[in-house]
Structures are given as structure tokens and as C-alpha cells.
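Have the sequence and the 3D view side by side as you read.

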Amino acid sequence: MKIKDISTYILKAPLERPFSSATMHFDHRKSLLVRIETDDGIVGWGEAGQFGPAEVPRSAIEYIFKPMLIGKDPLETEKLWQEMYCYTRDYGQKGSIIEAISGIDIALWDIKGKALNLPVSKLLGGRLREKVCAYATGLYFRSDFTLEDYIKEAATFVDKGFKGIKVKIGSKSLAEDMALIVGFRREFGDDFLIMVDCNHAYSAKVAIRVGKELEKHGVYWFEEPVIPEDIDGYIEVRNALSIAIAGGECEFTPYGFRNLIARRAVDIAQPDPCVAGGITACKRIIDLADLFGVLVVPHVWGSAVAMHAALQLIAVIPDQPSTNMPRPGINQTLLEYDQSENPLRENLSRSSLEFIDGYVTIPGRPGIGVEIDESMIEKYSV
Ligand code: CA
């Protein structure tokens with residue numbers, strides 16, 4: 001089998017109600033999809049990147065990797081990953097080049113699964129779980145939102161069955177942020193999972209002060225307390241607090257995660273499959289994290305393709321520590337289930353994910369399990 005063609009699609013969907021995190025504003029959602037076709041007609045889909053303009057990783061795919069890969073065997077995923085990485089190492093260790101590799105790698109795994117008629121999770125060694133507890137990502141900043149509005153938004157997630165939420169902080173005063181956490185705790189009870197994400201808005205000193213407040217209210221994890229480059233800052237924050245520290249959505253490749261994990265900078269590593277180097281790189285990160293007792297909870301924020309790729313990896317993430325009595329929110333991975341407005345998450349796949357009583361069933365279809373509706377690709381392409 002040979003790679004015959006690689007195509008890229010930039011999809012954009014404007015938002016009815018724009019929103020912000022502590023460090024970014026969103027008035028549209030976009031995805032860069034990668035479609036790889038083999039000489040015997042198998043088509044694999046991947047998604048590249050999350051945060052920056054899609055044109056940059058797209059250029060890397062079109063100008064660097066496509067000419068390299070045409071005619072190669074798509075089943076040799078590890079070998080092709082090494083070839084792509086080594087070819088671009090001198091200038092591409094982090095950022096858009098790795099996002100480009102990620103999208104290609106996911107599409108290659110999708111092809112491998114379809115060629116062998118197996119879900120990627122089986123090809124990665126076997127499914128440790130058939131379903132995963134999901135937490136809701138939402139509760140972004142809106143200038144017109146009151147505490148009551150946020151509690152109402154969170155209540156819609158609880159009504160859907162979610163057992164946990166992730167709250168954005170870092171844009172307002174500490175008192176206002178804490179009022180939100182106190183409100184959620186009061187409203188949803190002591191067992192409800194509350195995670196907090198400041199999108200690296202703080203210095204280490206401020207993060208420690210904020211974290212000490214979060215500790216009082218049973219927050220499960222504090223995400224991206226400091227900038228991703230500041231590993232020593234992460235360590236300072238982690239050593240000063242008793243709550244779990246999460247991070248890694250802006251980190252790339254097993255080499256990048258080696259620093260976060262081996263230096264014990266995080267309790268929870270959050271590689272994004274579309275950012276950190278695809279399924280090949282994320283499986284290596286999962287294995288590395290397991291050796292150091294670090295739980296992996298992937299960052300997921302993209303389209304239906306990103307969701308499906310992440311779920312296949314989630315199937316193979318060991319509990320920390322591994323046990324016959326897994327407890328979501330204590331020692332088991334979770335699915336980050338973005339609930340903010342994103343037509344590309346809802347409309348690209350012909351089949352929707354099964355979500356029952358707070359758990360998402362991990363698809364068992366061949367490949368990553370996404371069934372792309374190509375009319376939607378046309379609709380959202382720019
Ligand atoms: Ca985050």
C-alpha cells in the first residue's frame with residue numbers, strides 16, 4: 001500500500017456568541033483537516049493544530065511533508081514520524097511543524113485501522129476501557145455574565161449528566177474568581193469535580209496564592225498555572241500546593257513532555273493529539289508518564305476528528321496507579337468534552353458520540369472511528 005495523495009482543508013465557523021479565556025478571544029472556531037488517500041482507495045482523516053492560524057501548519061504539510069510522503073507505506077507510522085521529525089528538527093521542534101506532523105500522523109493511523117479493520121485503540125495494545133467519564137469545558141469569560149449566569153451555564157452541564165466542570169479563571173480579580181468556585185461548590189455538592197484553568201495567566205508567586213484559595217474548596221486540578229516555558233515555576237507551584245497541577249496543552253513531542261514529566265512539574269499531563277505529535281507521539285508520552293506515575297488527561301478542543309483521535313488514545317491510558325477499582329477524578333483519565341459553541345465538533349461526523357450518564361462510549365469502528373460527512377467539509381471550507 002502506498003500514499004497516493006494528501007489534501008488539507010481549513011474549516012471556519014463563526015460563533016453566535018464570542019467568548020474569551022484569560023489569554024485569548026474567540027469569535028470563530030477553525031480546524032485544519034488532513035485527508036490522506038492510498039493507492040487502494042482507503043481514506044484517513046487527521047486534524048492539525050488548535051490555537052494558531054491554520055495556514056501555518058497547512059503550509060508545512062503542503063510544502064514539506066506531502067512531497068516527502070507520496071509513495072511511502074502509510075502503515076509505517078513510527079518510521080514516518082521519525083522521518084518527518086528528523087527532517088525538520090533543526091527548526092521545527094515545537095509549534096506549527098509539530099502540529100502538521102500531528103495531523104498527518106492521525107490520518108495515517110486512521111488508514112492503518114481501516115486497512116486492518118480494527119480501531120486504533122486495539123492497534124495501540126488493547127482497550128483498557130470501553131467508556132470514559134467526561135468533564136465539561138465551558139464557562140468562558142463573557143463581559144455581560146453574572147455569577148448567576150455562570151451557575152446557570154454549569155447547571156446545563158450537570159443536567160446533561162456531567163460529573164465535573166472546568167472553570168476559567170485569571171481574567172478578573174481573585175475575589176471574583178473565588179466567588180465562582182464557591183458558588184459551584186455550594187450548588188453542586190462536595191463530590192462534584194471542579195477543575196480550574198487560568199491558561200498560564202499567572203506568575204509562580206501569584207499562582208501559589210491563588211492555588212492556596214483553590215485548595216480550600218476541594219478543586220481537583222489547577223491547569224496551566226504558569227507559562228509553559230517555565231518548568232521551574234511549575235515545580236515551585238506544585239511543591240507549594242496540595243492540589244494536582246495539570247499542564248501540557250502547549251507542549252510538543254515526547255521530548256517536550258520528558259521535561260514536564262521527569263522533573264515532576266505536573267501531576268496530570270495534557271498532551272493534545274493534534275498538537276503534540278499525533279497518536280504516535282501521544283502513545284509515547286502516555287508510556288513515559290506511566291513510568292513516572294503521572295496521569296494523562298488529553299487536551300481536546302478541536303473538531304469531531306480531534307475528539308475521535310483523543311478517544312482512541314484515552315482507551316489505552318493506564319490508571320494512576322493502575323488498579324482494579326478505578327475512580328474517575330482520583331486515579332483515572334477523563335475526557336475533556338468541550339461544551340463551548342463549535343459547529344465543527346457537532347456537524348462534521350455522520351455519527352454522534354454516545355454520551356450516557358456522564359460517560360462517553362469509545363467508538364469501536366475501524367481507524368479513529370470518525371465518519372466524515374464530506375458535504376460539511378465543503379460547507380465550512382474557506
Ligand atoms: Ca486549558
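Along the chain, the donors of the calcium ion follow the spacing D-x25-E-x25-E. Glu223 sits in strand S7 (residues 221-223) and Glu249 in the loop between strand S8 (244-247) and H9, so the pair ties together parts that are 26 residues apart in sequence. The protein donors are Asp197 (OD), Glu223 (OE) and Glu249 (OE), at 2.2 to 2.3 Å from the ion. Donors here are N, O and S atoms within 2.8 Å of the metal (3.2 Å for Na, K and Ca), and water is not among the atoms, so sites may look incomplete. Glu223 and Glu249 are both buried, where buried means under 20% relative accessible area, exposed over 50%, and partly exposed in between (1.4 Å probe, protein chains only).

A word on what you are looking at: this is a predicted model, in which local features need pLDDT of at least 70 and side-chain atom pairs count only at pLDDT 80 or more, while totals for chains, interfaces and linings use all residues. Residues are numbered from 1 along each chain as its sequence is written, and side-chain values use heavy atoms, with hydrogens and water left out.

## Strands S7 and S8

S7 and S8 run parallel and are joined by three bridges; two strands pair if DSSP finds at least two bridges between them. Helices (H or I, at least four residues) and strands (E, at least two) are DSSP runs, numbered from the N terminus. Trp221 has Ala244 of S8 as its bridge partner.

Is S8 covered on one face or on both? Both faces are covered: Ala244 and Ala246 on one side, and Ile245 and Gly247 on the other, are all buried.

Strand S4 (residues 131-137) pairs with S11 in the parallel sense over four bridges, and Thr137 stands opposite Asp338.

What does the side chain of Asp338 make polar contacts with? Its partners include the side chain of Ser340 at 2.5 Å and the side chain of Arg345 at 3.0 Å. A polar contact is a pair of N or O atoms within 3.5 Å; within protein, one must be able to donate a hydrogen and the other to accept it, and residues adjacent in sequence count only if both atoms are side-chain atoms. Asp338 counts as buried because its relative accessible area is 1%. Leaving aside neighbours within four places in sequence, Asp338 is in contact (heavy atoms within 4.5 Å) with Arg29, Thr137, Val300, Trp301 and Arg345.

Glu336 is buried too, because its relative accessibility is 2%. The side chain of Glu336 makes a polar contact of 2.9 Å with the side chain of Lys166, and a polar atom of that Glu336 side chain lies 3.2 Å from the backbone nitrogen of Val300. Beyond four places in sequence, the contacts of Glu336 include Tyr135, Thr137, Pro298, His299 and Met307.

The expected span is 1.5 Å times one less than the number of residues. A kink of about 40 degrees is centred on Cys86; the bend at a residue is the angle between axes fitted to the seven residues ending there and the seven starting there. Buried residues of H2 include Trp81, Met84 and Tyr85, and among the elements covering its buried residues are strand S1 (3-20), helix H1 (55-69) and helix H3 (96-116).

H1 bends by about 35 degrees at Glu62. The 15 residues of H1 should span 21 Å, and its end C-alpha atoms are 20 Å apart, which agrees. Its buried residues include Ile61, Ile64 and Phe65, with S1, strand S2 (25-38), H2 and H3 among the elements that cover them. After H1 comes Gly71, whose phi is positive, near 95 degrees.

## Lys283 in helix H10

Lys283 is found in helix H10, and its side chain makes a polar contact with that of Asp287 at 2.9 Å. Lys283 and Leu313 are 30 residues apart in sequence and 7.1 Å apart in space, C-alpha to C-alpha.
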